[in-house]
Amino acid sequence: WLMNFKIQIQCFKATPYELNGQYFLTLEQIIPTKDAQDYVISMTRKAQEEVTTGEELKSRHRIRLRFWAEFLKQIKGKSPLFQNSTNTKDNTLYAGGTGITYVTYQVAISSSNSSVSLNFGRSTAEENKTLFDALYKHAADIDKAFGDHLSWERNDDLKKSSVSYYKQGQNYFNEEEWPSIIAFLIEHINKLEKAVKPYLSEIRAALKANVTHINEPIEEEQQ
């Protein structure tokens, strides 16, 4: 237990003896035994690494909770999205508002970039690809309305799809960057919401028309 905090205790057996009129003292380590010492040290290092990793994770969680609290404070009254959201320890925050269950808006942060997204996260790949493809038909008009080229991520090998926009070089661990990160997220999630809004009823209709077996509600509950 003490070794988890880098405190190592050893017990030695001291044996005095005389040889040719000279006195000597031999020391023999008995706790931990030589055979067990390497194993104990190995397990201790592993435990110390786990403690360090756990502390780093807790630190990230505290930072994210503070960041999202500030984001939600700043976006209040400036967007139709995230008005009833609560902060989270995760690096992403989701909001409804599309009228389609599990099709959500997302803002995300990392140590290297920030992003806004429209996520297609329904229970089957067929549903998500159907929704994505119906929206992609209007990709040029949506990009134009947004004001830049979006990243259209169909993700054929994954269940989920998304439409995203990234800003590289933003690091939420640096609190001095928070104002610029939050400003980017608010501005561009609003742009994305306005750009895709005219087509949401159309893609919802495409889902109903093209997917036979739908196991979950389509219509998003009104808050």
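## A tour of the fold, stop by stop

Begin by selecting Phe82: setting aside neighbours within four places in sequence, Phe82 is in contact (heavy atoms within 4.5 Å) with Phe71, Leu72, Ile75, Leu93, Tyr94, Ala95, Tyr105, Val107 and Ile189. The model is predicted, so local features need pLDDT of at least 70 and side-chain atom pairs pLDDT 80 or more, while totals for chains, interfaces and linings use all residues. Numbering starts from 1 along each chain as its sequence is written, and side-chain values use heavy atoms, without hydrogens or water.

**Stop 1: Phe82 and its loop**

You will find Phe82 in the loop between helix H1 (34–75) and strand E3 (92–95); helices (H or I, at least four residues) and strands (E, at least two) are DSSP runs numbered from the N terminus. With 4% relative accessibility, Phe82 counts as buried (under 20% relative accessible area; exposed is over 50%, partly exposed in between; 1.4 Å probe, protein chains only). Phe82 and Leu72 are 10 residues apart in sequence, and their C-alpha atoms are 7.1 Å apart in space.

**Stop 2: the largest nonpolar core**

Next, select Phe71, Phe82, Leu135 and Leu185 together. Of the 47 residues in the largest nonpolar core, these four touch the most other members; such a core is a set of buried Ala, Val, Leu, Ile, Met, Phe, Trp, Tyr and Cys residues joined through side-chain atoms within 4.5 Å. Helix H4 gives the most to this core, with 10 residues. Zoom in on Leu185 and look around its side chain. Not counting residues up to four places away in sequence, Leu185 touches Phe67, Trp68, Phe71, Val107, Ala108, Ile109, Ser114, Ser115 and Val116.

**Stop 3**

Select residues 139–146, which form helix H3, and colour its buried residues: Ala139, Ile142, Asp143 and Phe146. They cover an arc of only 100° around the axis (taken from the directions from the helix axis to the C-beta atoms), which puts them on the same side of H3. Turn to the other side of H3, and there you can pick out Ala140, Lys144 and Ala145, which are exposed.

Then step to Gly147, which follows H3 and has a positive phi, near 100°.

**Stop 4: Ala206 in H5**

Move to Ala206, found in helix H5 (residues 200–210). Ala206 has a relative accessible area of 15%, so this residue is buried. Leaving aside neighbours within four places in sequence, the contacts of Ala206 are Thr130 and Ala134.

**Last stop: zoom out**

Finally, show the whole protein chain as a cartoon. The chain has 5 helices and 7 strands, and you can trace them along the sequence in the pattern β-β-α-β-β-β-α-α-β-β-α-α. Of the 223 residues in the chain, 40% are buried.
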